[in-house]
Amino acid sequence: MQRTDFKRLGVLGDWDNPYLTMNAAYEAEQIRAFGRIVHNGHLYRGAKPVHWCLDCRSALAEAEVEYEERTSPAIDVEFRVVDPRDLERRIGQPAGGLGELPVSIVIWTTTPWTLPANEAVALRADFRYSLVEAEGAGGRKRLILASELREASLARYGLAQVELLSEFDGVALERLELAHPFLPKRVPVVLGDHVTLEAGTGAVHTAPAHGQEDFVVGQRYGLPVVNPVGPDGRFFDSTPLVGGQRCHDANAAIVQALTEASRLLHHVPFQHSYPHCWRHKTPVIFRATPQWFISMEQRNLRAHALRDIKGVQWTPAWGEQRITGMIENRPDWCISRQRTWGVPIALFVHKETGALHPDTLALIGKAADRVEQGGIEAWFALDAAELIGTDAATYEKVTDVMDVWADSGLSFECVGVARPEIVAPVDLYLEGSDQHRGWFHSSLLMSEALHARAPYKGVLTHGFTVDEKGRKMSKSLGNVVLPQKVMSTLGADVLRLWVASTDYANEIGVSDEILKRTADSYRRMRNTVRFLLGNLHGFDPATDQVAPADLVALDAWAIARTRELQDGIVAAYRDFAFHLIYQKVHNFCIVDLGGLYLDVLKDRLYTTPARSHARRSAQTAMFHIAEAMVRWLAPILSFTAEEIWQYLPGKRGESVQCETWHRLPEVPAGAIDWPALFALRAAVTRELEKLRDTGAIGAPLEAQVDVWCSAAEYPRHAALEEELRFLLITSAARLHQGAAPPDSVAAGEGIAIRVAPTEAPKCVRCWHRREDVGAHAEHPELCGRCVTNVTTAGETRRYA
Amino acid sequence: MADYKQTINLPQTGFPMKADLAQREPKMLADWQARDLYGRIRAAAKGRPRFVLHDGPPYANGAIHIGHAVNKILKDIIVKSRSLDGFDAPYIPGWDCHGLPIEHAVEK
């Protein structure tokens, strides 16, 4: 389904043999690559919290969890500062100034049962915290609370503030030691951005085994991930205080222990949104389970990735900074998932110690061979004894599968086996700008783990599509643009032209109106090409080309201009700056060709004999322009370029896509100052417009022009001799040296012009008004040059 | 008045003014497929230095939206322009199909 649409876009590729991550050959190669990563020493077994359903007795994916309201006990708990002298130093109090009254940081939690797994208390580095002395029925207390939540918290505890002793930023307390409220252990203060001021105290109970954010902050501080809860939701018997209890039932025992230890400041039922199993509708827990990790440190993966990012060409350049920041800050990569579908982590581990089987690398190879034959099911169906024999008594088969980012992240390695065209490191990866976090990231880490190098030489990203007002597309806004609809109305080439015209590095705006304007641009380019093709009628490039040295000067200019443009276009293609190509080609069609060169050429093409030098010279230039342009357009307007290809004269290959850039002939530079003459032409055109507005003339050919030049300007404007009138598209153009008359108009330094209607008779053939019309008895309605053109091989043109 | 029309060279081409892309493009696609245009390009480019754009595997679900179109068209422009620039630029599209059945079922 997607394939049909992609093909319809005109995208050429090996659509009959795409690579699929679920091909058995790919999966087998992925397992072999995983084996090499194990061999290279990047893998370790750790633990990580996952959503766990007590009824499924299984981990749940995020998509299998739904949130429902639930009432839990919300408690405020004191964590005593172990060394008040350390606290004094940190917050700038005199040594011993706090005396002996204990100081506590207060946490607030709705899962008391996770307190046995507490390993830290998290503060926000940049929040203000207060050390306050307060008094209530139970006597005096010294508490540390986020300043913004101080009053609300004290009110909740029924305490009255006696004195605000100190205020400081959270960062001051980093790694301060606290006493666990009921277990004989010390836990540190850590800093995390997940701490908020939305509820509680601004200090967060942190149990890495029972929470995703807790786990992440724990990894940064090297906190232990000790999970005391079994798959059935009961605490292991060895757990103090709550051993053997179901976790949610353990809340009561915890609350009682806190009360007895005088650490409980408040306790209230609290309604909140809580994750539930989508299947059983029962509350799930976060529970750390054994998982497989790729270490960022143990074989220098992070350092190597950061080193090699610098050697990649990132387009746009900010991609480098973005991925660098992500690699710098990411935790170890947990690559295992508990799913029924995916590429297996083909390992055998010791049932008690969790150690890898001593033959692990060879076993991975055997597993890969089986998957190659029988797909991933071959692993899941495998009886361990088939591969490890009697060791199956002590070693078990791992049934985890790999993170999908490992599947795609290894594509550079796995595709190449079946498709030797793809050899890493490849030249380019190109995806949306969200992939610095996704595919670019996982591919980089996999390539570093395998080969200690980046998988790509260049990475290009594009932004996301929005409507013309910058809003996301949505059905409710009615601003969705469907590519299928564009293709079935305007055509794929218009869609392609729109893509080329955008500055894709940022958000890409699209709407029906934008596409309509693109279609207008398309038509203008198409018409330009059609003019070229129409006037190449009867031209055989094999026999009719005029040699570069013999070209009419304006035709030589046109070829030189095309060469210059081609250099810019090829450079822009190399830089992926397609919107510049669009602008350059569009301007070339409108300004250089439509507004100038082809406009001037019409007279020569139409009125000189078909085989004359004057016309063949023009056709030679147009032929090369068309040959160059069809190639410039081919990557963008792939359909239209192929269509043009079929109408171009001369023997040619079967498709423009098989060609390389057109080799434009080298033309002699010549001595003519074209920019000066084009400026004169522009000034004359302006004056002719004015004259037409007054009704004095209809077409420019009803006018004559006089040009006065200073001595300095005269030579360059005289260069076209009698052919100046063809450049100006007037019936006569006379050049004078010396002072301009008062009724002339200045047209630049040392130049003045005067346009006026001409009284000369009109030639019926070329429509020029010439005094010599009627001079020839046999052709009384023709001007002199038309007589030449109908009776001889044609007039001589040297310049225009 | 003598008839000088025959002595004038007016443009002549079968290249139509009206693009009619929506109708014309599918016919050209069928022709490219029949001629194995991609294979012909590979043959023409054989022996040239290689330029490899490695396609990222999108999830293989659902009809394409405009963002997909932008991505694939940009890739195609690059591959074709590198080919015109004298490279052998193959393009092997890819799809990622793992992790889909369960996620997909859940979303429904």
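Biologist: What is the handedness of the crossing of α20(A) and α21(A)?

Modeller: This is a predicted model. In it, α20(A) and α21(A) cross in a left-handed sense.

Biologist: How is such a pair described in general?

Modeller: Two packed helices are described by the angle between their axes together with the distance between those axes. Here, helix α20 (residues 578–607) and helix α21 (residues 613–633) of chain A have axes that come within 11 Å and cross at roughly 160°. Angles over 145 degrees count as roughly antiparallel, and therefore α20(A) is roughly antiparallel to α21(A).

Biologist: How much area do chain A and chain B bury between them?

Modeller: About 9100 Å² is buried between chain A and chain B, with 66% of it on carbon and sulfur atoms. The contact draws 115 residues from chain A and 83 residues from chain B.

Biologist: How many salt bridges does the rule find across the interface of chain A and chain B?

Modeller: Seven salt bridges are found across that interface. R574(A) forms a salt bridge with D85(B), and their closest N and O atoms are 2.7 Å apart.

Biologist: Where is P316(A) found?

Modeller: P316(A) lies in the loop between β15 (313–315) and α8 (318–329) of chain A. The peptide bond from T315(A) to P316(A) is cis, its omega being near -5°.

Conventions:
Residues numbered from 1 in each chain as written. Chains lettered and ligands numbered in written order. Predicted model: local features only at pLDDT ≥ 70, side-chain atom pairs only at ≥ 80, totals over all residues. Heavy atoms only, no water. Axes fitted to C-alpha atoms, helices over the stretch in contact; angles between N-to-C directions. Helix = DSSP H or I, 4+ residues; strand = E, 2+ residues; numbered from the N terminus. Parallel < 35°, antiparallel > 145°, perpendicular 65-115°, else oblique. Left-handed = near helix turned anticlockwise from the far one by under 90°. Contact = heavy atoms within 4.5 Å. Buried area = accessible area lost by both parts, 1.4 Å probe. Salt bridge = Lys/Arg side-chain N within 4 Å of Asp/Glu carboxyl O.
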